[in-house]
Structure formats: C-alpha cells, structure tokens
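Visitor: I have a structure open and I would like to learn how to read it. Where do we begin?

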Amino acid sequence: VNAPERSDEQLMAALCGGERRALAELVQRYQNDILRFCLHYVRDVERAKETFVRVYTARKRFDPARKFRPWILCIARNLCLNEIKRKKLVHMESLEEYASAARMETGELLNSAADSPDLQLAAAERRAMLDRALNTLDEESRQIVVLRFFERMSARDIAQTVGSTEGAVRTRLHRILKLLRKRFQACRDIL
Amino acid sequence: VTKLGKRECEELLDTYLAEDQAHAITRIEAALQEDDELRKEFGGLVEMCRDLEEIGRQRRAAAPPADLVGAVMAAVDGTRRTQAHKRSALRRLAWAAAAIAAVLLLSWFVFLRERTDSPDSAPRLAKPREPVAPTPESVEDAGSESVPAVRTARQMLAEAMKHLDEQTRARPSQQDQAVDERTGPRDFTDLTLQDVLEERQRAVADDRARGRLVRWASLRWDEARELATGPGISLDARIGSSRYLQGPMGEYVLTAAVTERPGDPYVRYGLADRLSEKAGAGTEAIAQYEQAAALDSGNSLPYYEIARERLEQNDVAAALEALSTAAGIDTAYAYSGEASRYQAEALVARGMDSAAAQLLAAVVAGTEEYLELTDLASELLDYGAELDQSGDAETALQVYDAVSRLGMQLVAGAAFSRERLAGIDMQRMALDVLEQLYPRLGLDPETLIPQTEDLVDNILYLRDFYNQLDVLFTEGPVEDAAFWASVANTIIESGDLALVESLGSGP
C-alpha cells in the first residue's frame with residue numbers, strides 16, 4: 001500500500017528537518033508551474049531553478065500557517081522582477097510564439113474540434129488581439145492576469161503572491177477587465 | 001435555465017473572478033442566451049474571461065516540460081558545500097581575530113600606561129550620527145543623465161526612504177498585506193486587548209506580526225456578507241463589512257447606507273469607489289464623487305477620482321477640469337478614521353471583544369487606504385504615460401503634476417501616517433516621470449529640487465514619528481486597559497499622527 005501523499009506544507013516541514021528528498025518532491029510537483037511562470041516573464045529557465053534553490057535557502061522562513069504555492073510563486077515573481085529590472089526587459093512570451101511552438105509539437109490547432117473553421121479563425125484572431133491588449137497593461141496588472149487566468153489561482157492566493165489584500169486583488173481584477181475591454185475594443189477599431 | 005437578474009450576474013461574475021469557479025460563469029453564459037439586455041451588458045466581459053482562460057490553457061499546453069530536479073539538487077548541494085566551507089573559514093577567522101585582538105589589547109594597555117600623564121588624554125564625545133547622507137552605492141544608483149544637483153537631491157531622497165523602510169518597518173510591506181485568512185491557533189472571538197497589544201509590540205521587529213494584525217482585523221467575504229444581510233446588525237457594522245464585499249453586494253450595502261446617511265461623505269465616497277469598479281458605471285460613479293466632494297469641501301481627493309473616471313472615458317478636457325478644481329484645494333485625505341470606526345463596529349458585531357476590536361482597527365488604520373491611494377496615483381500616471389506616448393506631452397505633464405500635487409495635499413491634510421506615506425510615495429512616483437519629461441519639454445529639472453528636499457524632510461518626520469510610535473507601544477503601561485482604550489480612541493478619532501503629538505512627544 002502506498003503511503004498517502006504528503007501535503008506541500010508537510011514536505012516543507014520535512015525539508016526543515018533535514019530531509020532532502022522532500023525538496024526533490026516539491027521540485028517534481030511544482031517545476032512545470034514555476035518554469036511556465038518564469039518563461040512568461042523572462043524566458044529564462046535559470047530563474048526557475050533559482051526559485052527552488054531559494055526555497056531551500058529560505059526554508060526556515062516559511063510560515064507553515066500559509067500555503068506553499070503562493071509563497072513559491074512569490075519567490076519566483078521577485079526573482080523575475082529583479083531580472084527584469086536588471087535587464088530592463090519587460091516582455092511576456094507572446095501567444096503567437098507559444099501557439100506556433102505548440103502547433104509544431106502537437107501538429108494541431110488548439111481550438112475545439114466542434115468549432116467550424118470560420119469560428120476557430122475568428123476566435124484565434126480575437127485572442128491574438130486580446131493578447132496584444134494584455135501587453136499594454138502595466139507589469140503588476142499583467143501579473144494578476146497571469147496568476148488568475150493562466151495559473152488559475154484564487155484572489156486570496158494571488159494576494160499572498162503579489163503582496164496585496166484579497167479585496168485589493170478583486171478590485172484590481174474588475175478594473176483590469178474594464179481596462180482590457182476598452183483597449184481590446186480600441187485594437188478592434190484600429191483593425 | 002434559471003433566469004438571472006443583472007445583480008445576480010454581477011455577483012456570479014465576482015465569485016468567478018475571486019475563486020475561479022467555472023460553474024459561476026457557465027450559469028451567466030446560460031442566462032445570456034435567454035436575455036438580450038444581459039448579453040449586451042455582460043457578453044463582452046464573459047467572452048473576454050473565456051478567451052483569457054483559453055490563452056492560459058494554450059500557454060500551459062505549449063510550455064516545454066520541465067526537468068529541474070537534478071539541476072536543483074546539484075545547486076543545493078553546491079550551496080551546502082559553500083556554507084560548510086564558509087563556516088569553517090569563519091571559525092579560522094574567529095581564531096585569528098581573537099589572537100589579533102589580544103595583541104591589540106596588550107599594545108593599547110602599554111600605550112595607555114605611557115600616556116597616563118599626557119594633557120591630551122581627555123575623552124572625546126562621540127560624533128553625532130548624521131541623519132541622512134548619500135552612500136557610495138546610492139551615488140552609483142542615481143541616474144547618470146541627471147544634473148548633479150538633481151542627482152544629489154535624488155540620492156538624499158533614496159537614502160531617506162531607505163532609513164524609513166529599514167528603521168520603522170512602517171510601510172505596508174508584502175507581509176503587511178498578506179491578508180489571506182485568519183490563520184494560527186487563535187480563535188477570532190477569543191482575541192483580547194492584551195493579544196493585540198503583544199502582537200503590536202512584536203510588529204516593531206517582525207513584519208509577520210504586522211501581517212497577522214491586518215489578518216485579525218479583516219473579515220472573510222462570507223463573514224462580511226453575513227453581517228451585511230443578517231438581522232439586527234447595526235448600520236455602522238454593515239458599513240464596516242462593506243469594505244470586504246467587492247462587487248454588487250458591497251454596492252448594495254453602501255447604496256442602502258447612502259439612503260440612510262445622505263450627508264456622510266465617507267459612505268458616499270465608498271459607494272462611488274464601488275461604482276467606479278463596475279463596467280459601464282463611470283458616470284454614476286462621477287455623480288457620487290461629486291456629491292462626496294460637495295459634502296466635504298476641504299478634501300480634493302474626489303476630484304482626482306473624477307479625473308481618473310474622465311480619463312477612462314477618454315474625456316481629457318473634463319479630466320483636466322477636475323484636476324484644476326482639485327488644485328484649488330489645499331488638503332486631501334482618504335477617511336481612514338471613519339473606515340476604522342466602522343471596521344471596529346463590524347469586528348464587534350462579528351463577536352470580537354470591543355476593546356480588542358478598537359485597538360486592532362486603530363493599529364491597522366490606513367492600510368487599505370494606502371493601497372487605494374497608491375493605486376489611484378499609478379492609474380493617473382499610466383494615463384499620463386499614454387498621453388505622452390500619443391504625442392501630447394503637455395497634457396501628460398499636467399497629469400503628472402496633478403499626482404505630485406495630490407501627494408502634497410495628502411501630506412498636508414492626512415491625519416493618518418499611512419495616508420501621508422501614500423502622499424510621499426506618489427510624489428516620488430511623479431518625480432520619477434517628471435524628471436524624465438522635463439528635459440524633453442525644455443524645462444529645467446533643477447526646479448524639482450525644492451520639492452525633492454521637502455519630501456526628504458517629510459520622510460524624516462515620518463521616520464521619527466514611527467520610532468516614537470514604536471516606543472509608545474513597547475514601553476507603554478501594558479496592564480493599563482484604560483490607557484490603551486484612550487490610545488485607540490485618539491487614533492480613530494484624530495489620527496495616529498495626532499496621537500504622538502497629544503502625548504507631548506511629537507517629533
């Protein structure tokens with residue numbers, strides 16, 4: 001019988017107690033999330049690796065009363081922000097690059113097979129415009145969008161990650177959607 | 001399909017945004033199929049949410065698979081080896097240092113004996129600590145393009161902020177704002193005045209304690225909703241709960257409060273804020289901000305909010321008019337006192353001990369307002385940048401100047417340190433962009449120096465203030481409940497800045 005899977009927080013406690021294997025398990029569990037997050041911001045695998053090294057070096061500072069995922073994303077975010085400041089690089093991987101990479105790898109479009117080709121094309125164009133509108137947002141707003149819609153986090157977890165309150169994040173999300181709709185509309189009008 | 005009203009759709013959208021609940025948006029989509037009006041109002045937003053989800057899904061699918069375990073473990077092993085090496089080196093260094101110290105002590109002893117009869121052997125006073133001086137690092141950091149005088153002023157500013165950050169730990173930092181849930185062993189209703197006081201004392205040296213205070217002073221959405229809709233809850237407590245109710249529920253509570261208290265500018269201002277977050281309600285929000293401004297003529301803040309709404313509506317002329325009206329008022333404030341009073345009522349209604357709730361609301365007063373104020377400044381500066389990018393640098397300058405002025409008005413009018421801190425931060429943000437814009441418009445950046453120097457003074461004032469406040473909380477009479485009740489009352493009624501001054505130890 002397999003032992004029940006330990007929670008992230010239990011793994012952190014084990015890591016603090018000197019169990020190195022716990023770190024390997026955490027890396028296994030979160031490497032895809034963290035790599036994706038770092039690629040969004042700095043296109044840099046090194047930052048993902050460094051995030052886990054920081055988890056190790058800062059393990060004693062982890063507050064077991066808090067959730068692990070927002071904490072590690074907060075570390076990744078801070079490392080990416082430092083890197084952006086260092087390189088003066090403010091860039092999110094564009095959807096086009098991701099989508100073309102995916103198409104090359106999987107050999108298929110990522111739309112639902114039930115959609116007609118016309119609808120698929122219209123939706124793809126709409127998303128490409130929305131993606132461009134996303135790039136006009138300020139850094140913090142973009143992060144909130146990434147965490148909420150791409151990483152599918154709750155407002156409460158986002159608040160822990162970006163160092164804000166749940167209320168402020170919810171308010172911010174409403175504002176961002178309003179702003180995006182306005183800019184998205186402007187993109188549509190131009191086209 | 002259950003037919004939904006507009007309010008229910010707003011609530012569902014809010015739930016979906018806050019908690020990623022797919023069923024909420026599915027229900028809205030079903031309702032939109034049946035109702036043209038709803039489709040017109042929510043169709044675009046819902047489609048955008050779905051598109052964002054799809055973009056996220058595509059990115060997740062397209063991201064390369066990670067295999068970091070080996071690399072991370074190797075790096076960690078390297079870190080451990082380095083640490084072990086450092087520890088060993090430190091031990092060697094410690095022995096060497098001890099040996100050198102022994103030799104020096106011996107030499108000093110011999111030297112003193114030789115000079116015992118010398119007339120120059122009187123002890124000297126220690127040199128007083130320089131309040132703020134630029135360090136070589138900050139000189140390096142300052143922009144090389146700046147003229148020297150501007151550069152020096154900016155260095156002073158950076159140093160002053162560093163002192164404020166490091167010495168007072170008073171800024172709403174990440175930990176301060178980490179309001180997730182009331183974690184920890186303590187039951188909310190068991191919290192005592194003593195607990196709050198001890199946590200505040202710990203907060204002097206521990207940011208996490210400050211975060212816990214904010215958590216204790218917060219309500220979860222479900223708790224706030226229960227207060228807002230429950231029977232027998234006072235209007236004050238309902239208003240207090242509204243700050244934790246985003247979306248339509250918050251709007252509902254505040255609309256009812258405005259009906260009952262039409263002359264209360266705080267409530268009116270709160271309702272305007274809620275409306276400003278709602279798609280398509282900008283004009284309604286402006287009307288409420290105008291009424292708030294009419295009720296409180298000494299506060300310029302509503303006019304800046306109006307300007308933001310107008311800029312969002314692309315009505316630049318009306319925005320500049322609002323900014324011009326704001327410029328004619330000397331002071332601004334964000335009602336942290338009123339918010340704390342209502343917050344304490346809500347905490348008591350939720351079951352917290354009254355004295356604990358009062359002190360808790362007092363010690364975290366201004367935290368939310370700090371965030372709201374700096375958000376407002378960021379948005380105005382963003383609009384300014386948009387104007388600049390579109391070639392209208394003159395109008396951008398007016399918007400940046402306005403943000404800077406709001407900062408000064410807050411410093412002049414705020415009774416709460418966190419509001420004043422927001423004023424300082426927004427002036428710094430504005431100075432950053434003004435310094436870049438001035439040369440392009442043929443203006444002399446040196447004219448910004450007096451403002452920068454004023455800012456340094458204000459930062460130093462605040463730094464001293466926070467030191468005094470920490471002394472009060474660490475050395476005040478711990479057992480004297482009446483004293484702390486009076487402290488809480490003074491903060492809520494007159495502001496924390498007045499508290500230190502009223503105790504006769506103002507900086």
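**Reading a loop, a helix and a core**

Guide: Start with accessibility. This is a predicted model. B:Asn314 has a relative accessibility of 61%, so B:Asn314 counts as exposed. The cut-off for exposed is over 50%.

Visitor: Where is B:Asn314 placed?

Guide: B:Asn314 sits in the loop between α15 and α16 of chain B. Look at the backbone there too. The phi angle of B:Asn314 is near 65°, a positive value in a residue other than glycine.

Visitor: And B:Tyr335, is that residue buried or exposed?

Guide: Buried means under 20%. B:Tyr335 has a relative accessible area of 3%, so B:Tyr335 is buried. This residue lies in the loop between α16 and α17 (336-349) of chain B.

Visitor: Let us turn to the helix. What span should α16 of chain B have?

Guide: Count 1.5 Å a residue. Helix α16 of chain B has 12 residues, 316-327, and should span 16 Å. Its end C-alpha atoms are 16 Å apart, which agrees.

Visitor: Which residues of α16(B) are buried?

Guide: They are B:Ala318, B:Ala319, B:Ala322, B:Leu323 and B:Ala326. Seen down the helix axis, the buried residues of α16(B) fall within an arc of 140°, so they line one face. They pack against α15 (301-312) and α20 (393-413) of chain B.

Visitor: What does the face turned away from the buried side carry?

Guide: That face of α16(B) carries the exposed residues B:Ala317 and B:Glu321.

Visitor: How do I read a nonpolar core?

Guide: In soluble globular proteins, nonpolar side chains tend to be buried together. Here the largest nonpolar core has 193 residues. Those with the most contacts inside it include A:Leu23, A:Phe149 and B:Leu52. Helix α2 (residues 20-42) of chain A gives the largest share of this core, 13 residues.

Visitor: What is A:Phe149 in contact with, leaving aside its neighbours within four places in sequence?

Guide: Its contacts include A:Leu173 and A:Leu177 in chain A. In chain B, they include B:Tyr16, B:Leu17, B:Cys49 and B:Leu52.

Visitor: Now A:His174. Where is A:His174 found?

Guide: A:His174 is in helix α9 (residues 166-190) of chain A. Its relative accessible area is 14%, so A:His174 is buried. Leaving aside neighbours within four places in sequence, A:His174 is in contact with B:Asp14, B:Leu17 and B:Glu277. B:Leu17 is also among the contacts of A:Phe149.

Conventions
Residues are numbered from 1 along each chain as its sequence is written. Chains are lettered from A and ligands numbered from 1 in the order in which they are written. This is a predicted model: local features need pLDDT of at least 70, side-chain atom pairs count only at pLDDT 80 or more; totals for chains, interfaces and linings use all residues. Side-chain values use heavy atoms; hydrogens and water are left out. Helices (H or I, at least four residues) and strands (E, at least two) are DSSP runs, numbered from the N terminus. The expected span of a helix is 1.5 Å times one less than its number of residues. Buried means under 20% relative accessible area, exposed over 50%, partly exposed in between (1.4 Å probe, protein chains only). The arc is that of the directions from the helix axis to the C-beta atoms. Contact means heavy atoms within 4.5 Å. A nonpolar core is a set of buried Ala, Val, Leu, Ile, Met, Phe, Trp, Tyr and Cys residues joined through side-chain atoms within 4.5 Å.
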